[in-house]
Amino acid sequence: MSTLEIKDLHVSVETKEGRKQILKGANLTMKSGQTHAIMGPNGSGKSTLAYTLAGHPKYIVDSGQALLDGEDLLKMTADERAKAGLFLAMQYPVEVSGVSMTNFLRTAKTEIDGQAPPIRTWTKDLNEAMKRLKMDPKFAQRSVNEGFSGGEKKRAEVLQLEILKPKFAILDETDSGLDVDALRIVSEGVNRAKDNTDLGIMMVTHYTRILKYIKPDIVHVFAEGRFVKTGGPELADELEESGYDQYLPEGSDSESALA
């Protein structure tokens, strides 16, 4: 069993007005096989947490730790974090012109496993994974995400997840921009990856619709740069009914937080 621990994490970013602290003492412990849903208004720091864990250079760690099986992720480069077993599915996946999906995935798989997968089994595994995600096989030869629709990009993210088999996956608003059919297919892929590998999932979302497909074990409210409440799946239903106002600073409201 693997463990991801976030301990008193404080993170800042540089702005035109100077350095601004976004994370203000985040604490979380996740185990293999668990699904944690992190909910909260825009501007609360949910995506900052996700990208800090993945190693985005924009985010400055002021203090705290992020440990994967006791090893400090914050001392690793982004590729070292991936090799350690961390995966980030981005809200807005980037396009990589001139690099085919199959070459990209095979190179990533080789780096993470330390050896190249045999061509014969690689082609079979990739084709089967794409078929499960209802992706046209021709996409394997297209440049990474280039010309893909929003739903196709999200399917490509889950394709990476199924192929690379990380220990923990951070899903940053994977449900955004998906219609009902695409949401179901993407969710099935995430659930399949979890069932096959005992994957731990940190799912960042504003809304409960994805939670109908990817069932959380634990739901957290994230506001003002920290976790402010934790509960079971019923907490998501409570948030759907009451919103986030009670977790915002006095004088603020959900709409201003979403601006």
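This is a predicted model: local features need pLDDT of at least 70, side-chain atom pairs count only at pLDDT 80 or more; totals for chains, interfaces and linings use all residues.
**Entry 1**

I began with the strand order. I read an open sheet of 6 strands in the order E6-E9-E10-E3-E11-E12, and its pairing is mixed. I then looked for the edges: strand E6 (86–89) and strand E12 (226–231) are the edge strands, and each of them pairs on one side only.

I picked one pair to follow in detail. Strand E9 (residues 168–172) pairs with strand E10 (residues 200–205) in the parallel sense, over 5 bridges. Which residue of E10 is the bridge partner of Ala169? I found Ile201 there.

Helix H1 (residues 46–54) lies across strand E3 (35–39), E6, E9, E10, strand E11 (218–223) and E12. I wrote down about 140° for its run relative to E6. Helix H5 (residues 150–164) lies across E6 and E9, and H5 runs at about 165° to E6.

**Entry 2: the sheet of four**

I turned to the other sheet on my list. This open sheet has 4 strands in the order E2-E1-E4-E5, with antiparallel pairing. E2 and strand E5 (71–72) are at the edges with a single partner strand each, so one side of each has no neighbour in the sheet.

I went through the pairs that involve E1. Strand E1 (residues 3–15) and strand E2 (residues 18–31) are antiparallel and share 11 bridges. A hairpin of 2 residues joins E1 to E2. In this pair I located Ile6 opposite Leu28 of E2. E1 is also joined to strand E4 (residues 60–68), by 7 bridges, and these strands run antiparallel. Here I found Ser12 opposite Ile60 in E4. H1 packs on this sheet, where H1 touches E1, E2 and E4, and the direction of H1 makes about 105° with that of E1.

**Entry 3: H3 against H5**

I looked up how these helices pack. The angle between H3 and H5 is about 35°, and their axes are 10 Å apart. H3 passes H5 in a right-handed crossing. Which residues meet in this contact? From H3 I listed Met101, Phe104, Leu105, Ala108, Lys109 and Ile112, and from H5 I listed Ala156, Leu159, Gln160, Ile163 and Leu164. By class, I recorded 9 nonpolar, 1 polar and 1 charged residues in the contact.

**Entry 4: the largest pocket**

I took the volume of the largest pocket as about 780 Å³. Its lining has 32 residues, and those nearest its centre are Ala78, Ala82, Leu86, Phe87 and Leu88. The elements that give two or more residues to this lining are H1, helix H2 (78–84), E6, helix H3 (101–113) and H5. Which element gives the most to the lining of the largest pocket? I found H2, with 6 residues. By class, the lining has 20 nonpolar, 5 polar and 7 charged residues.

**Entry 5: the second largest pocket**

I noted a volume of about 250 Å³ for the second largest pocket. It is lined by 16 residues, and I listed Asp125, Arg132, Glu162, Ile163 and Lys165 as those nearest its centre. Helix H4 (119–132), H5 and helix H6 (180–197) each supply at least two residues of this lining. I counted the classes here as 8 nonpolar, 2 polar and 6 charged residues.

H5 contributes to the lining of the largest pocket and to that of the second largest pocket. Its Ile163 is among the residues that meet H3, and Ile163 also lies among those nearest the centre of the second largest pocket.

Notes: Residues are numbered from 1 along each chain as its sequence is written. Side-chain values use heavy atoms; hydrogens and water are left out. Two strands pair if DSSP finds at least two bridges between them. Contact means heavy atoms within 4.5 Å. Axes are lines fitted to C-alpha atoms, for helices over the stretch in contact, and angles run from 0 to 180 degrees between N-to-C directions. On a 1 Å grid over the protein atoms alone, a cavity is a set of points where a 1.4 Å probe fits but cannot get out, and a pocket is an open set with protein on both sides within 12 Å along at least five of seven lines; lining residues have an atom within 4 Å of a point. Grid points are joined across faces, edges and corners, and a volume is the space filled by probe spheres set on the points. Ala, Val, Leu, Ile, Met, Phe, Trp, Tyr, Cys and Pro count as nonpolar, Asp, Glu, Lys and Arg as charged, and the others, Gly among them, as polar. A crossing is left-handed if the near helix is turned anticlockwise from the far one by less than a right angle, and right-handed if clockwise.
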